[in-house]
Amino acid sequence: MFSFSLPELTFAQLQAIAPFIGVGFAAQVVDGALGMAFGVITNTMLVSVLGLPPARASASVHVVETFTTAASAVSHIFQRNVDWRLFSRLVGPGIIGGVTGAYLLSNIDGSITRPFVMAYLVGIGIYLLWKAWKLDHGAAHRPARVIAPLGLVGGFLDAAGGGGWGPVVTSNLLVQGTEPRKTIGTVNTAEFFLTSAISATFIFNLGLGAFTIAAVGLIIGGLCAAPIGALLVKRIPAKRLLALVGVILIATSVYSLWKALS
């Protein structure tokens with residue numbers, strides 16, 4: 001009367017989920033340490049490899065990020081990587097932009113402006129590399145002046161493009177001269193509230209059927225990696241951190257630009 005079908009099914013499920021656990025882990029280590037790339041990496045995989053429509057892929061990624069950004073936020077707060085004044089000025093506009101972008105992506109094709117955004121981010125990445133090369137170790141950091149509009153645009157592009165909060169917001173704050181460690185920790189912490197609002201909007205417009213089993217693997221991998229990223233950003237020197245952000249931004253943006261134009 002005993003059946004062996006359940007272990008075989010469980011093993012098959014683990015085999016199917018395992019690659020997504022690996023991708024989620026790697027993407028979250030990069031995102032937690034550099035303040036970007038989780039949404040870009042995972043969204044690109046869901047669209048390019050699995051062939052999901054952009055709206056469904058973005059919805060899946062943001063549901064995953066609700067879990068991973070919560071763990072990342074707790075880790076960054078524990079490591080004292082958060083500037084709460086910057087956080088308070090960033091999170092509100094980010095949520096407004098994210099909800100608007102999620103609503104529009106659920107009803108129209110939001111890929112038209114993506115090539116222009118990616119080209120812009122490539123330019124920002126090159127500038128960050130130049131700034132890292134010129135950075136004096138003793139140079140004082142400056143508070144950001146443009147915050148609310150940046151949060152609004154970053155939230156909108158993140159929802160409409162399936163990833164963009166980190167690349168847009170983190171990179172532009174660093175260009176303004178903010179401290180890399182506090183900037184990355186603050187942007188990651190604010191992202192939890194952004195992704196929660198975006199996910200709720202997608203669920204309202206698309207329903208729970210928009211999500212795939214890949215999300216489970218991405219959540220597991222992302223949760224395991226969250227504390228590592230927060231620890232790395234505290235240990236890496238500002239000059240090297242700035243250079244790494246520039247490299248990752250250029251690499252992900254060039255790839256996304258190539259996919260958008262091909």
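Guide: A nonpolar core is a set of buried Ala, Val, Leu, Ile, Met, Phe, Trp, Tyr and Cys residues joined through side-chain atoms within 4.5 Å. The model discussed here is predicted.

Visitor: What makes the largest set of this kind, and which residues have the most contacts inside it?

Guide: The largest nonpolar core has 18 residues, and L90, W165, V169, L173 and V187 have the most contacts inside it. Two or more residues come from each of helix 4 (84–107), helix 6 (148–161), helix 7 (165–175) and helix 8 (180–206). Helix 4 gives the most, with five residues.

Visitor: Which residues does V187 touch, beyond those up to four places away in sequence?

Guide: V187 touches L90, W165, G166, V169, T170 and L173. Another core lies apart from the largest one; this other core has 11 residues, among them A33, I236, V245 and L249.

Visitor: How many residues are in the protein chain, and what percentage of them is buried?

Guide: The protein chain has 262 residues, and buried residues make up 50% of them. The chain holds 10 helices and zero strands. Among contacts between residues at least 6 apart in sequence, 86% join residues at least 24 apart.

Visitor: Why is N188 called buried?

Guide: The relative accessible area of N188 is 0%, and buried means under 20%, so the label applies. N188 is found in helix 8. Leaving aside neighbours within four places in sequence, N188 is in contact with D31, G32, G35, T69, S72 and H76.

Visitor: Is R240 buried or exposed, and how do you know?

Guide: R240 has a relative accessible area of 55%. Exposed means over 50%, so R240 is exposed. R240 is found in helix 10 (residues 238–261). R240 and W133 are 107 residues apart in sequence and 9.1 Å apart in space, C-alpha to C-alpha.

Visitor: What makes the phi of R80 worth a remark?

Guide: Most residues other than glycine have a negative phi. R80 is not a glycine, yet its phi is positive, at about 60°. R80 is found in the loop between helix 3 (54–78) and helix 4. With a relative accessible area of 65%, R80 is exposed, because exposed begins over 50%.

Visitor: Why is the pair E179 and R181 called a salt bridge?

Guide: Side chains of opposite charge can pair when their charged atoms come close. The closest N and O atoms of E179 and R181 are 3.9 Å apart. The cut-off is within 4 Å, so the pair counts as a salt bridge. A search of the whole structure finds one salt bridge.

Visitor: Why do E179 and R181 have their accessibility labels?

Guide: E179 has 30% relative accessibility, and R181 has 21%. Buried means under 20% and exposed over 50%, so values in between are partly exposed. E179 and R181 therefore both count as partly exposed.

Visitor: How many cavities of 30 Å³ or more does the structure hold, and what space lies in the largest?

Guide: The structure holds one cavity of 30 Å³ or more, and about 60 Å³ of space lies in the largest cavity. The lining has 15 residues, of which D31, A37, G166, P167 and E191 are the closest to the centre. Helix 2 (38–48) and helix 7 each supply at least two lining residues.

Visitor: How do the lining residues of the largest cavity divide by type?

Guide: Six are nonpolar, five polar and four charged.

Methods. Residues numbered from 1 in each chain as written. Predicted model: local features only at pLDDT ≥ 70, side-chain atom pairs only at ≥ 80, totals over all residues. Heavy atoms only, no water. Salt bridge = Lys/Arg side-chain N within 4 Å of Asp/Glu carboxyl O. Buried < 20%, exposed > 50% of the residue type's maximum accessible area, 1.4 Å probe, protein only. Helix = DSSP H or I, 4+ residues; strand = E, 2+ residues; numbered from the N terminus. Contact = heavy atoms within 4.5 Å. 1 Å grid on protein atoms, 1.4 Å probe; cavity = no way out; pocket = protein on both sides within 12 Å on 5 of 7 lines; lining within 4 Å. Points joined across faces, edges and corners; volume = space filled by probe spheres on them. Nonpolar A, V, L, I, M, F, W, Y, C, P; charged D, E, K, R; others polar.
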